Amino acid sequence: MDKTERYSYIEKAKEHFAGIMIEQLDRIEKMKKGEDWSDFEKIDPVIIGVCWGDGIGKEISKHAQRVLEHVLIDQKRKGKVEFRVITGLTIENRVKHSKAVPDDVLAEIKKCHVLLKGPTTTPQAGDKWPNIESANVALRRELDLFANVRPVKVPKEGIDWCFFRENTEGAYVLGSKGINVTEDLSVDFTIMTEQGAERIVRMAFEYAKKNKYNKVTAVTKANVVKTTDGRFSRAVKRIAGEYKSFGIGTDEWYIDIMTAKLLDVARRNEFQVMVLPNLYGDILTDEAAQIQGGVGTAGSANIGKRWAMFEAIHGSAPRMVEEGREKYADPSSMIRASAMLTRHIGHPERADRLERALEIAGQYEKKISITGRSTGATGEEFTSYLLDCLNDPDLENKWEEFSVKK
Ligand code: IPM
Ligand code: MG
């Protein structure tokens, strides 16, 4: 390649890069202005949007909606909550509009206060679908859902983790905006802003303070990814200083050793609250979920100041659908997400009870279990069993007995 050709490629790449920087600098200005948190005590009625998604999504979302409507039945009757099914978030409709989230669907979503969202297909080059952006990533960005909160609990092992995954920056936010500079050279981008790091780190420390945890662990690769992870790491250290007087300490682990430590049975229950950039959070929470019983058992809250979206941590499992196994998919992930939604809109006791019922049904009593195949229960059978556990007057006693067995 001669010099002129090389420069013309570089000029194009520079222009592309400039566009990205402008977008991000604008985003920083918005974050600086900030906005107030939604106050669910004042919102009447609370509108809960339900998006079924793709693959196993429809199946497990349906079960989760059944549970959620049960938990909020009186609120629904009194007109204090309203359920609204939003149908357009399917891969077919997204491909038809060539958009991660079609405009009319996004407008419907924005009319809701919170969203229960089933897993959606995320195409990759070479799939049968055009390579459009992930609906998750787009919704997290469009609704500014900056905190991805993922709890993982195994009471009998004393595991009580809560991951605070940064949700709007890192490798994700520009993941669909990488460039092929030449035929041979590809570049993706990762970013970290001071405001973006600060808001997620602060949320993790606030959570620790409110729930009486005494440590927040940062997970980075700041020894290698020095600039962006370095900024994140500094934010943790700085903010940690403000929480010392509340008896909350901090430590930092690199992502590689952290994946190993989660498998260290002797020490893993020492971790409590963890805060981490986007991609590390994605990876580590799948591992953590597996320890809890599989990704099908883990729920996730995507929290922003105005909106919040609750979902499973896993994808739409096309393989299960191809093999006709969708009815055996575990709805626990979406039900756990429903518990988090319930807490978010102001019903913490109901949420605690639902989470306990999930732990009793899924980890302790296990009268029936899900295997993802015809060897186990269907999602519908499991949901009925879960509702029995939830309505059991002896639930608290059973849970006490279960959780003290550390
Ligand atoms: C998750 C998922 C998503 C992510 C995918 C579906 C884009 O894996 O919520 O963890 O990578 O964030
Ligand atoms: Mg993931």
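Here is a short chat about a few spots in this predicted model.

Visitor: OK, where does R94 sit?
Guide: R94 is in helix α4, residues 91-96 (helices are DSSP runs of H or I, at least four residues; strands are runs of E, at least two; both are numbered from the N terminus).

Visitor: Is R94 buried or exposed?
Guide: Buried, with a relative accessible area of 0% (buried means under 20%, exposed over 50%, partly exposed in between, using a 1.4 Å probe and protein chains only).

Visitor: What does R94 touch?
Guide: Leaving out residues up to four places away in sequence, its contacts include D54, K99, T120 and E133 (contact means heavy atoms within 4.5 Å).

Visitor: Switching to strands: which ones pair with β3?
Guide: β1 (residues 46-51) pairs with β3 in the parallel sense over four bridges, and β12 (residues 308-312) also pairs with β3 in the parallel sense over four bridges. Pairing takes at least two DSSP bridges between the strands.

Visitor: Which residues bridge?
Guide: Among them, G49 partners L115 of β3, and L116 partners F310 of β12.

Visitor: And which β3 residues are buried on each side?
Guide: V114 and L116 on one side, L115 and K117 on the other.

Conventions:
Residues are numbered from 1 along each chain as its sequence is written. Chains are lettered from A and ligands numbered from 1 in the order in which they are written. This is a predicted model: local features need pLDDT of at least 70, side-chain atom pairs count only at pLDDT 80 or more; totals for chains, interfaces and linings use all residues. Side-chain values use heavy atoms; hydrogens and water are left out.
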